[in-house]
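Please keep the sequence and the model at hand while reading.

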Amino acid sequence: MKGRISNKMGEILIDEDVIAKYAGSTAVECFGIVGMAVVNMKEGLVRLLKKESLTNGISIAIHDNKLTIDFHVIVAYGVSIQAVADVLFSSVKYKVEEFTGMEIEKINMYVEGVRVID
């Protein structure tokens, strides 16, 4: 499903991948986020995604033109997960709502791993 914005000039449709890429770029800028993660269900492995593959660690759902965003992240060792979540939620909510013009109904963060940063 695509996001839909209507105005007097016509309609704007926004693909979920566009929203996911923008949300992913915003998320990796947040303090304490090392990167997005993808989980291999078959083997139970978690791996860090490269910048080009950010959308694989994010899922977007659109219901009644409201967004639900799920992030699968790897956080930095030694930081408060609650603090990371607070920064992620506020930053992504503000930037994605400004970018798309759509309301974010819910943001979920799944911590898939912890990594020591050099």
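## Overall arrangement

Followed along the sequence, the protein shows the pattern β-β-α-β-β-β-β-α-β. The model is a predicted one. It contains 2 helices and 7 strands.

The protein has 118 residues, of which 35% count as buried. Among contacts between residues at least 6 apart in sequence, 66% join residues that are at least 24 apart.

## The two helices

Helix α1 spans residues 16-28 and helix α2 spans residues 81-100. Their axes come within 9 Å and cross at roughly 140 degrees. Angles over 145 degrees would count as roughly antiparallel, and those from 65 to 115 as roughly perpendicular; α1 and α2 are therefore oblique to each other. The crossing of the two helices is right-handed.

From α1, the residues that take part in the contact are V18, I19, Y22, A23, T26 and A27. Their counterparts in α2 are L88, S91, V92, K95, V96, F99 and T100. By class, this contact of α1 with α2 is made up of 9 nonpolar, 3 polar and 1 charged residues.

F99 belongs to helix α2. Its relative accessibility is 42%, so F99 counts as partly exposed, given that partly exposed covers the range between under 20% (buried) and over 50% (exposed). When residues up to four places away in sequence are not counted, F99 touches V18 and Y22. F99 and A23 are 76 residues apart in sequence, while their C-alpha atoms are 9.7 Å apart in space.

S25 is placed in helix α1. With a relative accessibility of 32%, S25 also counts as partly exposed. Between S25 and V92 the separation in sequence is 67 residues, and the C-alpha to C-alpha distance is 9.4 Å.

## The nonpolar core

In soluble globular proteins, nonpolar side chains tend to be buried together. In this model, the largest nonpolar core has 26 residues. The residues with the most contacts inside this core are L67, I69, F71 and V92. Two or more residues are given to the core by each of the elements α1, β3 (33-40), β5 (58-63), β6 (66-76), α2 and β7 (103-115).

F71 illustrates how separate parts of the sequence meet. Leaving aside its neighbours within four places in sequence, F71 is in contact with A23, G24, A27, M36, G57, I58, L88, V92, I107, N108, M109 and Y110. V92, one of these partners, is also one of the residues with the most contacts inside the core. V92 is likewise among the residues of α2 that meet α1.

Most residues other than glycine have a negative phi. Against this background, two residues deserve attention.

D64 is located in the loop between β5 and β6. Although D64 is not a glycine, its phi is positive, at about 55 degrees. D64 has a relative accessible area of 76% and is therefore exposed, the limit for exposed being over 50%.

N65 is also placed in the loop between β5 and β6. The phi of N65 is near 60 degrees, again a positive value in a residue other than glycine. The relative accessible area of N65 is 29%, so this residue is partly exposed.

How values were computed
Residues are numbered from 1 along each chain as its sequence is written. This is a predicted model: local features need pLDDT of at least 70, side-chain atom pairs count only at pLDDT 80 or more; totals for chains, interfaces and linings use all residues. Side-chain values use heavy atoms; hydrogens and water are left out. Axes are lines fitted to C-alpha atoms, for helices over the stretch in contact, and angles run from 0 to 180 degrees between N-to-C directions. Helices (H or I, at least four residues) and strands (E, at least two) are DSSP runs, numbered from the N terminus. Angles under 35 degrees count as roughly parallel, over 145 as roughly antiparallel, 65 to 115 as roughly perpendicular and the rest as oblique. A crossing is left-handed if the near helix is turned anticlockwise from the far one by less than a right angle, and right-handed if clockwise. Contact means heavy atoms within 4.5 Å. Ala, Val, Leu, Ile, Met, Phe, Trp, Tyr, Cys and Pro count as nonpolar, Asp, Glu, Lys and Arg as charged, and the others, Gly among them, as polar. A nonpolar core is a set of buried Ala, Val, Leu, Ile, Met, Phe, Trp, Tyr and Cys residues joined through side-chain atoms within 4.5 Å. Buried means under 20% relative accessible area, exposed over 50%, partly exposed in between (1.4 Å probe, protein chains only).
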